[in-house]
Amino acid sequence: MTLLAVAVSGRGVVPPDEPVVQADDEALLRGRAAFETLRVYGGRPFRLADHLARMRLSPHSLDIAWTGGFEALAEEALAAAGAEDAVLRLYLTPGRERSGRPVSLALVSSLPDDLEERRGRGLKLISLLGVRAEAPWLLGGVKSTSYAVNMAAETEARARGADDAVFVRDDGVVLEGPVTNVWWRRGTTLYTPSLDLGILAGVTRAVMIEAAPAAGYEIAEGAYPLADALGAEEAFTTSSVREVMPVVELDGRAFERGPAAAALQQALREEAMR
Ligand SMILES: Cc1ncc(COP(=O)(O)O)c(C=O)c1O
């Protein structure tokens, strides 16, 4: 991904290579900041209002004052980038230590260049132990920049010859991927872990739930053991940037590419381009 444009609260658009946070910003010192990642289709950020509604909840858990103003910041950054298809990332940092002056950022980057190749090939996943709990200080379902554990899980998956990971609880219940929600299909039912497991309420997940009935599928949300996913006919992951990614292997068990991932990928694109 190449950084195309940056907009900063109080300053507007700045050159992408210009420093925008101070050395003692708590985002850097403690990994304490809220963020959102969206996909931009035809120059328009998809479901910006939904991402901002989710983002509004994170600063509360992270004890950062909500500043708002992200629509305007995003618009400025997108106009400066001039890209049709891109990634938009929004950040709210606490600012300098004890300053009480949060900093808002909007970053526009090019899309990762291997997405369609990965979609064509399908993903190999491995399950890894992950912790999501309802205890609010464990930040389950909060999109904070403390994602080092998530990134380490991706690295571990790659080291074991897979493309990505799926977190499972210590009792074997499936949670989510490091940056994705996970799905599997039996017959015409699509199964996905429920939000009360402390996973992130994916915006793409919500789009899938909306689009499923018209595509001929019903949704089941719950606490499912990994064995359920391993016994499925088809599996896939969803996220804003990667969209719907078919899974071809989970813990060494092969999956056929199936009709649900293809139908929902198409439905997602249609919705995004409407
Ligand atoms: C932990 C986690 N789960 C799920 C998702 C998918 O969410 P969305 O569809 O809103 O991109 C993400 C996105 O980055 C994530 O970080």
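I take two strands as paired if DSSP finds at least two bridges between them. The model I examined is predicted.

**Entry 1: strand S12**

I looked up the neighbours of S12. Strand S9 (residues 181-186) is joined to S12 by 5 bridges, and the two run antiparallel. Within this pairing I found tryptophan 183 opposite phenylalanine 236 of S12. Strand S13 (residues 243-250) is likewise antiparallel to S12, with 5 bridges between them; here threonine 237 faces methionine 245.

I then checked burial. In S12 (residues 234-239), 6 of the 6 residues are buried, so the strand is largely enclosed by the rest of the structure. Side chains in a regular strand alternate between the two faces of the sheet. In S12, I noted Glu234, Phe236 and Thr238 pointing one way and Ala235, Thr237 and Ser239 the other, all of them buried.

**Entry 2: aromatic pairs**

Phenylalanine 35 belongs to strand S3 and tyrosine 91 to strand S5, so the pair ties together parts 56 residues apart in sequence. Both residues, phenylalanine 35 and tyrosine 91, are buried.

I also recorded tyrosine 191 with tyrosine 224, whose centres are 5.4 Å apart with planes at 90°, so this pair is edge-to-face. Tyrosine 224 is buried, at 14% relative accessible area.

**Entry 3: charges over rings**

I found arginine 186 over the face of tyrosine 191, 5.8 Å from the ring centre. Arginine 253 lies over the face of phenylalanine 255, at 4.1 Å.

Methods:
Residues numbered from 1 in each chain as written. Predicted model: local features only at pLDDT ≥ 70, side-chain atom pairs only at ≥ 80, totals over all residues. Heavy atoms only, no water. Buried < 20%, exposed > 50% of the residue type's maximum accessible area, 1.4 Å probe, protein only. Helix = DSSP H or I, 4+ residues; strand = E, 2+ residues; numbered from the N terminus. Phe/Tyr/Trp six-rings, centres within 6.5 Å; stacked < 30°, edge-to-face > 60°. Lys NZ or Arg CZ within 6 Å of the ring centre and 35° of its normal.
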